[in-house]
Amino acid sequence: QVQLVESGGGLVQAGGSLRLSCAASGRTFSNYAMGWFRQAPGKEREFVAAISWSGGSTYYTDSVKGRFTISRDNAKNTVYLQMNVLNPEDTAVYYCAAALKPGTYGSSSYTKGSWYNYWGQGTQVTVSS
């Protein structure tokens with residue numbers, strides 16, 4: 001089992017920044033991908049960013065490219081999402097997800113919520129105008 005603990009959410013003004021953290025505990029595979037998804041009220045959950053622990057590849061949805069950065073600290077088994085230049089459209093509950101996959105995968109796999117095995121509880125991010 002893998003447990004994901006998220007932190008760092010909160011309320012910020014438009015143009016501000018937040019840094020989300022996702023600490024993973026339990027069993028870890030060599031090809032252990034981590035992703036961030038978000039869901040606004042009345043909207044479907046959408047992909048935000050992902051990172052491959054084994055290969056160091058990163059992926060982003062178009063709306064956050066240049067503003068958000070996903071990174072990892074393998075010593076702490078933690079993944080971060082640095083969010084800069086936030087706007088009200090970024091307001092949502094942000095979820096951390098883990099995919100324990102032993103093989104090699106392409107970018108299309110990282111964007112699918114169904115591909116991930118474990119999910120965190122979510123953390124609220126609110127951006128005021």
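This report describes the nonpolar cores, the aromatic ring pairs and the disulfide of one protein model. The model is predicted.

In soluble globular proteins, nonpolar side chains tend to be buried together. The largest nonpolar core here has 29 residues, and those touching the most other members are Leu4, Tyr32, Met34, Trp36, Leu81, Met83 and Tyr94. Strand β9 supplies the largest share, five residues.

Met83 shows what such a position looks like in detail. Apart from neighbours within four places in sequence, Met83 is in contact with Gly16, Ser17, Leu18, Leu20, Arg67, Phe68, Tyr94 and Val125. There is also a second, separate core of 10 residues, and among them are Phe37, Phe47, Tyr59 and Ala97.

**Aromatic pairs**

The count of aromatic pairs comes to eight.

| Pair | Distance between ring centres | Angle between planes |
|---|---|---|
| Phe37 and Phe47 | 5.6 Å | 75° |
| Phe37 and Tyr116 | 5.3 Å | 80° |

Planes over 60 degrees apart count as edge-to-face. The planes of Phe37 and Phe47 are at 75°, so this pair is edge-to-face. Phe37 is in strand β4 and Phe47 in strand β5, 10 residues apart, and their pair links distant parts of the chain. Residues under 20% relative accessible area count as buried. Phe37 has a relative accessibility of 2% and therefore counts as buried. Phe47, at 10%, counts as buried too.

The planes of Phe37 and Tyr116 are at 80°, so that pair is edge-to-face as well. Phe37 lies in strand β4 while Tyr116 lies in the loop between α1 (107-110) and β10 (118-119), so the pair ties together parts that are 79 residues apart in sequence. In space, the C-alpha atoms of Tyr116 and Phe37 are 11 Å apart.

Leaving aside neighbours within four places in sequence, Tyr116 is in contact with Ala33, Met34, Gly35, Phe37, Ala50, Ala97, Ala98, Ala99 and Tyr110. With Tyr110 there is a polar contact: a polar atom of the Tyr116 side chain lies 2.7 Å from the backbone oxygen of Tyr110.

Phe37, Phe47 and Tyr116 belong to a cluster linked by ring pairs, which also includes Tyr59, Tyr105, Tyr110, Trp115 and Trp119.

**A charge over two rings**

Arg45 has its charged end over the ring of Tyr95, 3.9 Å from the ring centre. The charged end of Arg45 also sits over the ring of Trp119, at 4.8 Å from the centre of that ring.

**The disulfide**

How many disulfides does a search of the whole structure find? It finds one. The disulfide is formed by Cys22 and Cys96, whose sulfur atoms are 2.0 Å apart. The torsion about their S-S bond is about -80°, so the disulfide is left-handed. Cys22 is in strand β3 and Cys96 in strand β9, 74 residues apart, and the pair links distant parts of the chain. Both Cys22 and Cys96 are buried.

Technical notes
Residues are numbered from 1 along each chain as its sequence is written. This is a predicted model: local features need pLDDT of at least 70, side-chain atom pairs count only at pLDDT 80 or more; totals for chains, interfaces and linings use all residues. Side-chain values use heavy atoms; hydrogens and water are left out. A nonpolar core is a set of buried Ala, Val, Leu, Ile, Met, Phe, Trp, Tyr and Cys residues joined through side-chain atoms within 4.5 Å. Buried means under 20% relative accessible area, exposed over 50%, partly exposed in between (1.4 Å probe, protein chains only). Helices (H or I, at least four residues) and strands (E, at least two) are DSSP runs, numbered from the N terminus. Contact means heavy atoms within 4.5 Å. Rings of Phe, Tyr and Trp (its six-membered ring) pair if their centres lie within 6.5 Å; planes under 30 degrees apart count as stacked, over 60 as edge-to-face and the rest as tilted. A charge sits over a ring if NZ of Lys or CZ of Arg is within 6 Å of the ring centre and within 35 degrees of the ring normal. A polar contact is a pair of N or O atoms within 3.5 Å; within protein, one must be able to donate a hydrogen and the other to accept it, and residues adjacent in sequence count only if both atoms are side-chain atoms. A disulfide is a pair of cysteine sulfur atoms within 2.5 Å.
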